[in-house]
Amino acid sequence: MATMTSSETEKIEGARAKSFRLPPALISYLQAAPLTLILGSFLAVPILMIGMVSFWDYDFAQMYPDFVTFNYAETLGSWVTWKTYLNTLKFAFFVWAITLFIGFWVAYFLAFHIRTAAMQMVLFLVCTVPFLTSNIIRMISWIPVLGRNGLVNSTLISAGIVSEPIEWLLYSDFAVVLAMVHLYTLFMVTPIFNTLMRIDKSLVEAARDAGASSWQTLTNVILPLAKPGMAIGTIFVVTLVMADFSTVQVMSGGQSASVALMMKNQMSLLQYPAAAANAVVLLVFVLLMVAAIVRIVDIRKEL
Amino acid sequence: MTEKKTNKGISRRTLLKTASAAAGLAAGSGAITGFPTIWAQNTITLRQFGTGVSNLNAIAEKCKADLGITLEMTATDSDAAAQRAVTQPNSYDIADIEYWILKKVYPAGVIQPMDVKKLKYYDKVVPLFKTGKLKPDSVIAQGTAPHTVGFVEKPGTKTFAKGETQWFTMMPTIYNADTLGIRPDLVGREISTWADIMDPKFKGKTSILNIPSIGIMDAAMIMEAMGNIKYADKGNMTKAEIDKTIDFLIKAKQAGQFRAFWKSFDESVNLMASGEVVIQSMWSPAVAAVRSKGIACKYQPLKEGYRSWGGGLGLAAHLSGAKLDAAYEYINWYTSGWVGAYLNRQGYYSAAMETAKQHMSADEWGYWVEGKAAKGDIVAPDGKVMEKAGAVRDGGSFEERMGKVACWNSVMDEDRYMVRRWNEFIAA
């Protein structure tokens, strides 16, 4: 943005030197142009193309421009799709609930129990440390921990707590949710921390002066004011989980399906139109979910 | 595995001109006497793409040294290879593909058949690729057996010939017989049939591969071994047969028979090495990789026989003149023994066994091909010790293994339906 404004000022100065002034309306259009161009060419056009391809015909090698609807009929008419959506929603719900709980309390601790701003920032940065390694590495490192002969099982067995290794730790829905919570909690912490920091401390004092217990302060003052942050965190986490394929594939050992994994399978078999139809359905679905969230909570309050 | 070497500054025209001039010169001087022509002065480049198993840097380097031909290699997975073969026919000179892919792409007219008279080692190719029979009394396996797509009547026809002709669609290079891999230390009993993977004793400790076109064949071997069904042709199932197979797999999955499904080579190695599974579909180099970690792993021969696959080199339809000559030269070099020995040493098989033998020590030949106990340590092409002295190859000799092929990897008429049902199995 900075370079844009400076080039814009140069332009205005240049114009002034030649005693020529651009009409004000044109200037605003010019200012909006770079972002429009970027979003237009890298977001709008690709999505339109996906929409277009979803109506094409295909065989193993090629796509044929056409207008057929069987890609949608096959996608929406198959129980696999519905089951997969249900499964993905299940993951989204569990991951959302757990990350919201953990994320809120981490943010609450950082915002209200750490006194100095410097310490707050230091601890917040500590939260981001795991993000210095890649997603895949953080995910795969769970495998030797949870495996049949992994750390957890060998500890439990040698401590005499269980006699047989616990099978459901790895390659199960549990493992998928665990890894996703690990991957996505920070996306919940950050926006909630941000909103909590903006809460005027005098509001908390006023509540206490009015005789509210800590619990009442939390439920009547802090939680309502933290809602925009929670909503933004929710949007992050839900969209990330809905679009995830690698975590589901690796942590479930290929036994569980997610919508994005279904698309990836179709793409690896070069069934691009089918995958495109699937992508359009997912896009509409996620947009509806986001619309619902925005409807319930006014996130603009935060801005 | 991708080798990219590009020569800049030589246009296609000058390249062809100098190359054909040199070829003419070579022919005129009577240089073609059985020795490979050295192309070094006129840098011929051949672009080869394929499924990765045989796209080896060592081959490109040796080819450059022996023939002076620069090989540009691109490795892809099999679905992408099929697509590329059809949609970008000018992007490659040599197609290194499996026979079931050839069955898909040949009718598109992108591969030109080779004249067997120009193939120096055609007579040395094992009969498996000509008649489908390793020995005169062998039974022809089901699926896309290489000989069924190996010949055409004449250049230009899109349908395959019934028997041996002068026009060979691909020169076979690499093939193998696949079976189940087991952890002999953990299975605790004799494994002798494909049905053993469904034994309730191994509940939660088995895996099959999640690549539909190959996984369905493993599933078919299991189904037939259990006596659930008798396929007319495993390699070309009817819709009803596909349904029955997939429904069975879904039931087994929901009962918790499988621990995981693997898609890539390293996944299968890790599942086996960590003890998560004790019996699973596997590829022979993956078994070697588990063993090289010091963990017992056996490529268990089973009484129903093997699921086999084979690949070869095909000539792109656009090749002509000097480039075509160079391509023949390359293929003749490929089958002249050095590469065959290299592939044999990795546990695959070469199509021209006799030529490969000359490039292997008697002990290597005995271990890899004759099924004899190794007299000394068996060393991989990269110098790593693969087997200690005294080891015997799982499944025994070449004839024992390739003679017991029950089916070949294949492409079905109901391919799209099969893939859809397979996805249901994974989602179930």
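Predicted model: local features only at pLDDT ≥ 70, side-chain atom pairs only at ≥ 80, totals over all residues.

1. Let me begin with the overall form of chain A. Its secondary structure amounts to 14 helices and two strands. The radius of gyration of chain A is 25 Å, whereas a compact globule of 303 residues would be near 19 Å. Along the principal axes, the C-alpha atoms of chain A fill a box of roughly 90 × 70 × 35 Å.

2. Within chain A, 29% of the 303 residues count as buried. If you take the contacts in chain A between residues at least 6 apart in sequence, 70% of them link residues at least 24 apart.

3. Now to the place where the chains touch: 20 residues of chain A and 22 residues of chain B take part in the contact. On the chain A side, the elements giving two or more residues are α4 (79-113) and α13 (259-268). That side of chain A is made up of eight nonpolar, nine polar and three charged residues.

4. In chain B, have a look at strand β3 (residues 94-98). Five of its five residues are buried, so β3(B) is largely enclosed by the rest of the structure. I94(B), D96(B) and E98(B) point one way, A95(B) and I97(B) the other, and all are buried.

5. What does β3(B) pair with? With strand β1 (residues 45-50) of chain B, the pairing is parallel over three bridges, and G50(B) stands opposite D96(B). With strand β15 (residues 306-316) of chain B, β3(B) runs antiparallel, joined by five bridges; there, G312(B) is the bridge partner of I97(B).

Definitions and conventions: Residues numbered from 1 in each chain as written. Chains lettered and ligands numbered in written order. Buried ≥ 20, exposed ≤ 12 C-beta atoms within 10 Å, placed from the backbone. Helix = DSSP H or I, 4+ residues; strand = E, 2+ residues; numbered from the N terminus. Pairing = 2+ DSSP bridges. Contact = placed C-beta atoms within 7 Å. Nonpolar A, V, L, I, M, F, W, Y, C, P; charged D, E, K, R; others polar. Rg over C-alpha atoms; globule rule 2.2 N^0.38 Å.
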